[in-house]
Amino acid sequence: MNLVRLRSEWAPNVTRELLAGTVVALALIPEAIAFSIIAGVDPKVGLYASFCIAVVSAFAGGRPAMISAATGATALLMTGLVKEHGVAYLYAATILTGLLQLAASAARLGNLMRFVSRSVVTGFVNALAILIFLAQMPELIGQGMIVYAMTAAGLVVIYGLPYLTRAIPSPLVTIVLFSAVAMALDLPIHRVGDMGALPSELPWFALPQVPFTLETLRIILPTSATIAMVGLLESLMTAAIIDEMTDTTSDKNRECAGQGAANIASGFLGGMAGCAMIGQSVINVSSGGRGRLSTLWAGAFLLFLIVVLGPYVAQIPMAALVAVMIMVSINTFQWRSLRTLLTHPRSSSVVMLGTVAVVVATHDLARGVLFGVALSGLFFAHKVTRLFGVTSTRAGRARTYRVSGQIFFATAEAFHAAFDVRETDLDRIVIDLSAAHFWDITSVNALDRVVLKFRHHGVAVEVVGMNAATATMVERLGSYDKPGAALDAAGH
């Protein structure tokens, strides 16, 4: 790797990278504490995880400028394991999660992202923007006029400062400025320190204190497998979003490996499993982060903040961070998608809205994406079935059927029904497949049933025009041209 490429990947602009990473580090602290509370563990577990995952993914991940850390999506999946077996089993499950994600990378599962439609991605983004906004409401509603005023003033600074200067990210100015105001005036408002105690020591390497037995594997495997799937899904979706925001590409399989390596390291350093965070990633990119340095600095500076500057970090008003996260939700939401609801195909709009509805209703990003992908598949299958057709012409005692379109499980029955096997005054049938393509065993079975039924009635059948792929599949899976093939009148 030459120096030019190394610089473009790591630090296109060192100053902007460091400033962007600083904003992210400050915003990571309350979220890491909150996710630790959700998982039922000490705040240091989430904070150590966020430091470790961010630093390791900076080197090993496939998407520069993307922020990975402890997340709510993964924290929700840990609660049962922690409650029933304790935090030591959580560390073991985190390591196993990483190993499963490395296996996913080796299997090149990152390539599956090409099956996620644009409508699903848009729905995912919009739902996440809504969830980010709703998550700020407990820190805003009913907290008093001071909090309302500080949040509003924070948004004014965030959106107004760029008109004066872009030298320093406006979210960073907002956090520093209102922290100083809150400390100077000793305002009676909720602060970061009120969410939980910050650790005062560095994390250390240690093996999870669990028995290394098959019973332990039985306990942690279901949780690890679920976290690995959800973490990869959210990470790959976030990578796709950052790709679009920065007009660049990323290595999805390397991202799977990077997430795996980060989670393994987190488990050995007393952290919980995590994945990419779209909110923090948007903060990073919006603040000017484009390279791996911003991700590395976010993790490293996070550890410095909590261990060395903990007393000062604890004084940051939550209202300032709420303003930053509201900015994130506004910037994340694809407002253009509302204008195109009526102009885009109805199926695309339904997929987008369905993904949003499921994510917001369940607060589960994985369920929403899987629902959207399944719905997209159903609409696609329906669209393909409309392109399928069979026409026929008769000449004397012979009839030629011409098949066009894609023959697969959704069109196989229509293919079978298009042939009139009761037309017994024929001597010969020609099935022309030059404009058709067979995709699966269901379609081949339908062809078998048609041919063998005609032959059962004493009608000679000739199948012509198969392309190479169809011919290979029919030869391997079909039975009508094999010796001894027979079928009774019922088709059995």
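Tutor: The second largest cavity holds about 30 Å³ of space in this predicted model. A cavity here is a set of points, on a 1 Å grid over the protein atoms alone, where a 1.4 Å probe fits but cannot get out. Lining residues have an atom within 4 Å of a point. Grid points are joined across faces, edges and corners, and the volume is the space filled by probe spheres set on the points. Rolling a probe the size of a water molecule over the atoms shows where empty space is left.

The lining of this second largest cavity consists of F124, V230, L233, E234, L365, A366 and V369. Two elements give two or more residues to that lining: α10 (214-246) and α18 (365-386). Helices (H or I, at least four residues) and strands (E, at least two) are DSSP runs, numbered from the N terminus. By class, the lining has 6 nonpolar residues, no polar ones and 1 charged. Ala, Val, Leu, Ile, Met, Phe, Trp, Tyr, Cys and Pro count as nonpolar; Asp, Glu, Lys and Arg count as charged; the others, Gly among them, are polar.

Two notes on conventions. Residues are numbered from 1 along each chain as its sequence is written, and side-chain values use heavy atoms, with hydrogens and water left out. As the model is predicted, local features need pLDDT of at least 70 and side-chain atom pairs count only at pLDDT 80 or more, while totals for chains, interfaces and linings use all residues.

A pocket is an open set of points with protein on both sides within 12 Å along at least five of seven lines. The largest share of the pocket lining, 6 residues, comes from α18. The lining has 16 nonpolar residues, 3 polar and no charged ones.

Back to the cavities. The search of the whole structure finds 2 of 30 Å³ or more.

A65 has a positive phi of about 75° although it is not a glycine. A65 sits in the loop between α3 and β1 (68-70). Its relative accessibility is 0%, so A65 counts as buried (under 20% relative accessible area; exposed is over 50%, partly exposed in between).

The loop between α10 and α11 holds D247. With a relative accessible area of 71%, D247 is exposed.

Now the largest pocket. About 840 Å³ of space lies in it. Of its 31 lining residues, E31, F35, L131, A135 and Q136 are the closest to its centre. α2 (14-39), α4 (72-75), α7 (118-136), α12 (278-286) and α15 (318-332) each give two or more residues to the lining. That lining divides into 22 nonpolar, 6 polar and 3 charged residues.

Finally, the setting. The protein chain has 21 helices and 6 strands. Of its 492 residues, 53% count as buried. The C-alpha atoms fill a box of roughly 100 × 55 × 50 Å, taken along the principal axes.

Confidence comes last. pLDDT is the predictor's confidence in each residue, from 0 to 100. The chain mean is 89, and 98% of its residues reach 70 or more. Over residues 486-492, however, the pLDDT is below 50. Beyond near neighbours in sequence, this stretch has 12 contacts (heavy atoms within 4.5 Å) in the model. Where pLDDT is low, the predicted coordinates should not be read in detail.

Key
Buried < 20%, exposed > 50% of the residue type's maximum accessible area, 1.4 Å probe, protein only.
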